[in-house]
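Open the viewer and get ready to select residues. This tour goes stop by stop.

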Amino acid sequence: MDTCIFCKIANKEIPSEFIFEDDKVFVIKDINPKAPIHYLIVSKEHIQSIIHLEDNHQEIISKMIFAAKSVAEKFGLKGYKLVFNVGKEGGQVIDHLHLHLLGGWPR
């Protein structure tokens, strides 16, 4: 089975500029941005989507949200959207858990 693109980025097999990284998550720019600022907060563990979360994944979700908050503060975002797309029917393109941080729109 082929490793997904986010797993390859997490394993440093594909070079990428990390905006943030800790032991559970990393943050990169979205290559197809939907907002002036569009980052992806990605779980290092391969979890397909929200549907596939188990009770032991609570720390990962918490880390993802706090990473988004930290990155938003770093870039001075006063307001922003956090979005999980869940499954193909929900707009999820890559089958690996990730959170979209969108912001930077003019007031």
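Which residue forms a salt bridge with Glu73? Select Lys69: the closest N and O atoms of Glu73 and Lys69 are 2.9 Å apart. Keep in mind that this is a predicted model.

**Stop 1: helix H2**

Glu73 and Lys69 are both in helix H2, four residues apart, so about one helical turn separates them. Colour the two by accessibility. Glu73 is exposed, with a relative accessible area of 54%. Lys69 is partly exposed at 39%.

Stay on H2, which covers residues 58-74, and pick Ile65. Ile65 is partly exposed, with a relative accessible area of 39%. With Ile65, they make a nonpolar surface patch of about 240 Å².

**Stop 2: a salt-bridge network**

The structure holds seven salt bridges. Select Lys44 and Glu21 for another of them, where the closest N and O atoms are 2.8 Å apart. Lys44 sits in the loop between strand S3 (37-43) and H2, while Glu21 is in strand S1 (residues 20-21), so this pair ties together parts that are 23 residues apart in sequence. Lys44 is partly exposed, with a relative accessible area of 26%. Glu21 is partly exposed too, at 39%.

Lys12, Glu21 and Lys44 are linked in a network of salt bridges.

**Stop 3: Lys88 and Asp95**

Select Lys88 and Asp95. Their side chains meet in a salt bridge, 3.4 Å from N to O. Lys88 counts as exposed, at 51% relative accessibility. Asp95 counts as partly exposed, at 32%.

**Stop 4: stacked rings**

How many aromatic pairs does a search of the whole structure find? The search finds two. Phe18 and Phe26 form one of them, and this pair is stacked: 4.9 Å centre to centre, with 20° between the planes. Is Phe26 buried or exposed? Phe26 is buried, with a relative accessible area of 0%.

**Stop 5: the largest pocket**

The largest pocket has a volume of about 430 Å³. It is lined by 22 residues. Select Phe6, Asp30, Ile31, Leu40 and Ile94, the lining residues closest to its centre.

Next, colour the elements around the pocket. Helix H1 (5-10), strand S2 (25-29) and strand S5 (98-103) each supply at least two residues of the lining. Which of the elements gives the most to the lining? H1 does, with three residues.

Terms used: Residues are numbered from 1 along each chain as its sequence is written. This is a predicted model: local features need pLDDT of at least 70, side-chain atom pairs count only at pLDDT 80 or more; totals for chains, interfaces and linings use all residues. Side-chain values use heavy atoms; hydrogens and water are left out. Patches are made of residues with over 30% relative accessible area and no salt bridge: like charges are joined within 9 Å, nonpolar side chains (Val, Leu, Ile, Met, Phe, Trp, Tyr) within 5 Å. Accessible areas come from the Shrake-Rupley method with a 1.4 Å probe; for residues, only the protein chains shown count as cover. A salt bridge is a side-chain nitrogen of Lys or Arg within 4 Å of a carboxyl oxygen of Asp or Glu. Buried means under 20% relative accessible area, exposed over 50%, partly exposed in between (1.4 Å probe, protein chains only). Rings of Phe, Tyr and Trp (its six-membered ring) pair if their centres lie within 6.5 Å; planes under 30 degrees apart count as stacked, over 60 as edge-to-face and the rest as tilted. On a 1 Å grid over the protein atoms alone, a cavity is a set of points where a 1.4 Å probe fits but cannot get out, and a pocket is an open set with protein on both sides within 12 Å along at least five of seven lines; lining residues have an atom within 4 Å of a point. Grid points are joined across faces, edges and corners, and a volume is the space filled by probe spheres set on the points.
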